Amino acid sequence: MSYKQTREHIAKRLASWVGKPRKLQDLETKLFKKIRIYKSGCWIWTGAKYKKTTGDYGQIRIGGKLRKVHQISYEHFIGEIPKGLELDHLCKNTLCVNPKHLEPVTHKVNMERGKNATKTHCKRGHRYTTETTYIHLDGKRECRICKKKSTQKSYYKLKK
């Protein structure tokens, strides 16, 4: 005998789930359904992703909110992320959620370790030196030559 669910039955079941905290085993089950473990030790997230300029990051819905999977993994297996710090992927794979590959660091340290930190030239080919580079408070570098050209270009466009 087949069971056909009515709209009322489904609505009643959904209403009973709302507001109930998930058990730890449920969270692990939810996480590991979407993780592929590699020989390198990386736990690669295969679920939903969102794109940032620094790479793809995994996301998961918990308690009705979208959260970054690497943060959930760290909080679940290691503990709370200290205030004022962010997680750095030591393996440099932003889809990795292995808590052993994540380290809480300041934003500045994270930027210094990032892929752009090893660049010696800006995107237009100017060499990064102390004279040609402006370093913002957040650690981001900006080419003074390109900035000057951009400002001049904008100025002359407004003047026309």
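Q: Where is Thr94 found?
A: In this predicted model, Thr94 is found in the loop that runs between strand E6 (86-89) and strand E7 (102-105).

Q: Why does Thr94 count as buried?
A: Buried means under 20% relative accessible area. Thr94 has 16% relative accessibility, so it counts as buried.

Q: What makes the pair formed by the backbone oxygen of Asp56 and the side chain of Thr94 a polar contact?
A: The cut-off for such a pair of N or O atoms is 3.5 Å. A polar atom of the Thr94 side chain lies 2.4 Å from the backbone oxygen of Asp56, which is within that limit.

Q: Where does strand E4 lie, and how do you know that E4 and E5 pair?
A: Strand E4 covers residues 55-62. Two strands pair if there are at least two bridges between them. E4 and E5 have four bridges, so they qualify, and they run in the antiparallel sense. As one example of a bridge, Arg61 has Leu66 in E5 as its partner.

Q: Why are E3 and E5 said to stand at the edges of their sheet?
A: The open sheet has three strands in the order E3-E4-E5, with antiparallel pairing. Strand E3 (49-52) and strand E5 (65-68) each have a single partner strand, so one side of each lacks a neighbour in the sheet. On average, neighbouring strands here are turned by 40 degrees against each other, direction ignored.

Q: Why is Phe77 called partly exposed?
A: Partly exposed is the range between the buried limit of 20% and the exposed limit of 50%. Phe77 has a relative accessible area of 33%, so it belongs in that range. The residue is in helix H3 (residues 69-77).

Q: Which residues of H3 are buried?
A: They are Val69, His70, Ile72, Ser73, Tyr74 and His76. Just after H3 comes Gly79 with a positive phi of about 150 degrees.

Q: How many residues does the chain have, and what percentage count as buried?
A: The chain has 160 residues, and 25% of them count as buried. Its elements include five helices and nine strands.

Notes. Residues are numbered from 1 along each chain as its sequence is written. This is a predicted model: local features need pLDDT of at least 70, side-chain atom pairs count only at pLDDT 80 or more; totals for chains, interfaces and linings use all residues. Side-chain values use heavy atoms; hydrogens and water are left out. Helices (H or I, at least four residues) and strands (E, at least two) are DSSP runs, numbered from the N terminus. Buried means under 20% relative accessible area, exposed over 50%, partly exposed in between (1.4 Å probe, protein chains only). A polar contact is a pair of N or O atoms within 3.5 Å; within protein, one must be able to donate a hydrogen and the other to accept it, and residues adjacent in sequence count only if both atoms are side-chain atoms. Axes are lines fitted to C-alpha atoms, for helices over the stretch in contact, and angles run from 0 to 180 degrees between N-to-C directions.
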